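Dear colleague,

After it come my notes on what was found.

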Amino acid sequence: MSDKNRSGNNSASGKSRALLVSAVALCAIVVCVVLTLRARSLPASEVPAAYGTILALLPPVIAIALSLITKEVYSSLFVGIVVGAMLYAGGDAEVALSTMLYHESAGLVVNLTDISHASILVFVTLLGTMVVLINQSGGADAFGRWASTHIKNRVGAQLATVFMGLLIFVDDGFNCMTVGSVMRPLTDQHRISRAKLAYLIDSTAAPICIIAPISCWAAAVSYAVPEEYNINGFSMFLRTIPYNLYALGTIVMLFAVVLLRVDYGPMKLHEENAKKGDLFTSGDNQFEEDVKHTGEGRLSNLVIPVVSLILLCIVGIAYTGGAFSGAGLINSFADADSARGLVMGSLLALLLTLWLYMSRSVMTLKDFMGAFAAGFRSMCAPMIILILSWNLSGITGLLGAPEFIHGIVEASAGSVQMLVPALVFVVSVFLAFSTGTSWGTFSILIPIVCAVYPADSEMLVIAISACLAGAVCGDHCSPISDTTIMSSAGAHCDHINHVNTQLPYALTVAAVCSVGYILAGVIGYKMQSMAALAATPLTLIAVVVVVLFVRRAQVRKA
């Protein structure tokens, strides 16, 4: 195809995309106007007309659809925020603007001043600074030289990334940023696309945290179980692990696609281009900067800072939960403030890195301080997406999206109880995908599930597991999820590229898990015993069979 024809096709594609975007935006405006006319007649004390209805999910749906169509995240999120604010304000522009910026639970400024959100932004900046320092010291190059003598091929590089992701199970955001910063030089050396690296990171972050007893996620699940049902939250979490089909299935999927060398969907193109030297395929490389190496390139210039970072962050998280005040290890993680702990640990690790590099004359104090500005610049893109995502999620909550989902599950839970786990899984996926929060999803749905089944019922365990699995799945797929955003940042991958290439893999596992939860629900309801655990190995085997089927189809096509 000539350049002229290709240019013409691109132009036509661009016009079609622009028309589609305009149509979506027009529909959103029409909906807002209709609801505005209806809402203006309501007293100021009344809830918005869209509250607790399916329209409450309109803002995130618009934002996600636009981001996937236009490949541009910032404006898509902003449009979703504006639509949500207008729905909430009943068309009053002044109230909508105030809601977007200053609402006490959803405003942009309030989100920035929230201690947890601010802590995450500081942590991301400090971690970006650490990456700059390691690169400048020559530590990343030294790691690349070491890895070239021990890891000989693309499969080995991908497996090393997976194993490192599985080892960092305390916090998913910490997992994403740490694994990405350490493994990028190795995967680049073996020509693994940044999209594939982001997928490997994202698929070991939340999935391993949701099945690890010592993690911030275990604590969140424990607290989501209502006290009035007299259920030990932590014991319930432990019982859900074998039934968490999506988390287990995603990890099995990772090993299957890596060992069998299977790529499909948009990822196949990214990997083929990476083998030719193009690690990005499309999208601007907004993270990369020219790095001035001032150090001697010792491997310890990377190992000591990274190991210190991991250990000190774990200690920091445990400290915020009272580990140094007599609380046990499990209790300290259950009561921990992970965002604060990560900031404390990363700052201490940076100070240790300063001492290490200064004592070795690797860099000057001026170079060290300059790395803070460079680290901040390198993380600006993911931080902007995070801030807008928090804003959108807050406004979606104001419109009563949780209440809408609550009504759906509660209305259908009593009809066909053996299918409730599968229903909960699907609803949980949709809610987490729309709102970008897995913790918020299971905190909404777990109390509903607890009201459906007896406290000592195996069906309760299966249903709660389905809720947790669906929350992780939706979080895994969503463009506005913190974990997805930080996986893109850790891999230095264009965010929309990461979302597009990851979706086919995540949806494959989700489809198999839906069938698995139907099977588990039927067995659990009829037998009321742990015989339902048979659904777990069958589901994992089915995941591998699907990958083998895809591989066979690709061989036939070739």
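**Notes on the predicted model**

Just after helix H3, Gly90 takes a positive phi of about 65 degrees; helices here are DSSP runs of H or I with at least four residues, strands are runs of E with at least two, and both are numbered from the N terminus. This is a predicted model, in which local features need pLDDT of at least 70 and side-chain atom pairs count only at pLDDT 80 or more, while totals for chains, interfaces and linings use all residues. Residues are numbered from 1 along each chain as its sequence is written, and side-chain values use heavy atoms, with hydrogens and water left out.

To stay with H3, it covers residues 73-89, and its end C-alpha atoms are 24 Å apart, in agreement with the 24 Å that its 17 residues should span at 1.5 Å a residue (the expected span being 1.5 Å times one less than the number of residues). At the start of H3, the backbone nitrogen of Tyr74 has a side-chain oxygen of Glu72 within 3.4 Å. The buried residues of H3 include Val73, Leu77, Ile81 and Ala85, where buried means under 20% relative accessible area, exposed over 50% and partly exposed in between, with a 1.4 Å probe and protein chains only.

For the protein chain as a whole, there are 26 helices and zero strands, and 54% of the 558 residues count as buried. Of the contacts with a separation of 6 or more, 80% are between residues 24 or more positions apart, a contact being heavy atoms within 4.5 Å.

The N-terminal end of H6 is capped by Asp114, a side-chain oxygen of which lies 3.1 Å from the backbone nitrogen of Ser116, while Gly138, which follows H6, has a positive phi near 85 degrees.

A search of the whole structure finds three cavities of 30 Å³ or more; on a 1 Å grid over the protein atoms alone, a cavity is a set of points where a 1.4 Å probe fits but cannot get out, a pocket is an open set with protein on both sides within 12 Å along at least five of seven lines, and lining residues have an atom within 4 Å of a point. The largest cavity has a volume of about 60 Å³, and H6 and helix H9 (172-189) each supply at least two residues of its lining, with H9 giving the largest share, four residues. Among the lining residues of the largest cavity are Val131, Asn135, Arg184 and Leu302.

The largest pocket holds about 990 Å³ of space. It is lined by 44 residues, of which His117, Ile120, Thr437, Trp439 and Asp482 are the closest to its centre, and helix H19 (residues 380-398) contributes the largest share of the lining, seven residues.

Two single positions complete these notes. Thr161, in helix H8 (residues 154-167), counts as buried at 1% relative accessibility, and beyond its neighbours within four places in sequence it is in contact with Val179, Met183, Thr187, Leu197 and Leu200. Ser488, in helix H24 (residues 482-491), is buried with a relative accessible area of 2%; Ser488 and Pro382 are 106 residues apart in sequence, yet 7.8 Å apart in space from C-alpha to C-alpha.

With best wishes

How values were computed:
A polar contact is a pair of N or O atoms within 3.5 Å; within protein, one must be able to donate a hydrogen and the other to accept it, and residues adjacent in sequence count only if both atoms are side-chain atoms. Grid points are joined across faces, edges and corners, and a volume is the space filled by probe spheres set on the points.
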